[in-house]
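Here are a few exercises on aromatic rings and strand pairing. Grab the structure, try each task, then check the solution.

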Amino acid sequence: MSDMTFHKNGTVTLPSNADPAAYGTYVQGWLRHSVGVDLGRNDPTALVVIRDECYPEFTGRGFEQRLGHRSRTVVHHETVKMTDYMDIADFLVNRLTQIPHWDLAIDASGLGGPFSSTLSQAGVEHWAVTMTAGSSINIKGKTVNCSKNVLLENMATGLETGDLTIASDLPDRGLLDREIGSFELTSTSAGNLTLAGGGKGHHADRAIALALAYLKTTHLENRTMSFSKLQGYWG
């Protein structure tokens, strides 16, 4: 990894002495962060960060390169109890300025819609994910309608296959593990299987934020964000 070049835009390259005419043998990796936010109403607002990294490597055939193993690891999670959406937005912007090469996905369901508009007016690019019933996902621009079942099953599959992991030294990891474990596979009156969780005594804010962050890496266009100058509320 010491031979790799980490660029300011979040891309990673592996320089070699190959003939420039063999440019097609190069690949471009990345190191970026996917941020998921579950907006609190009566519950706290939760934020989870996944480090998403995939580096180029030599195939062993001359200077030919390929992308190596993709790693998506939960490296941060927290909750904050705020009732004013401007305060929540201010908190979120402060966190994002500390995260390099980020992509943001938020829960835009219900009152999350106006919050999404607040972020857009302030120049904070994000994916607005509205959780729905059913078993489908529809994407139009940066507006996403995704069934809660698909959202949670996607996260569960990632954890089961190892495509999504949680850092072993993550502070308060037990809190996140318990929230993930609060979801159970149940059957609806129509006989369909669905994942249900949360509820009284089992808030799943962190788990939903994690599911949103992971959805960004599996279903939504890869595009890293950074701040230039925020417009509107933050000047």
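**Exercise 1.** This is a predicted model. Is Tyr-55 buried or exposed?

*Solution.* Start with the cut-off: buried means under 20% relative accessible area. Tyr-55 comes out at 14%, so Tyr-55 counts as buried.

**Exercise 2.** How many aromatic pairs are there? Work out the geometry of the one that Phe-6 and Tyr-55 form.

*Solution.* The count is two. For Phe-6 and Tyr-55, the ring centres sit 5.7 Å apart and the planes make an angle of 75°. Planes over 60 degrees apart count as edge-to-face, so that's the label for this pair. Now place the partners: Phe-6 belongs to strand S1 (residues 5-6) and Tyr-55 to strand S4 (residues 45-58), which puts them 49 residues apart. Phe-6 is partly exposed, at 40% relative accessible area.

**Exercise 3.** Which parts of the chain does the pair of Tyr-85 and Phe-115 tie together?

*Solution.* First the geometry: Tyr-85 and Phe-115 are edge-to-face too, with 5.7 Å centre to centre and 70° between the planes. Next, the elements: Tyr-85 is in helix H1 (residues 85-96) and Phe-115 in helix H2 (residues 112-121), so the pair joins parts 30 residues apart in sequence. Phe-115, at 1% relative accessibility, is buried.

**Exercise 4.** In which sense does strand S5 (residues 65-80) pair with S4, and in which with strand S10 (residues 164-166)?

*Solution.* Take S4 and S5: they pair antiparallel, over 13 bridges. Phe-58 has Gln-65 of S5 as its bridge partner. Then S5 and S10: parallel, over three bridges, with Val-74 partnered by Ile-166 in S10.

Technical notes:
Residues numbered from 1 in each chain as written. Predicted model: local features only at pLDDT ≥ 70, side-chain atom pairs only at ≥ 80, totals over all residues. Heavy atoms only, no water. Phe/Tyr/Trp six-rings, centres within 6.5 Å; stacked < 30°, edge-to-face > 60°. Helix = DSSP H or I, 4+ residues; strand = E, 2+ residues; numbered from the N terminus. Buried < 20%, exposed > 50% of the residue type's maximum accessible area, 1.4 Å probe, protein only. Pairing = 2+ DSSP bridges.
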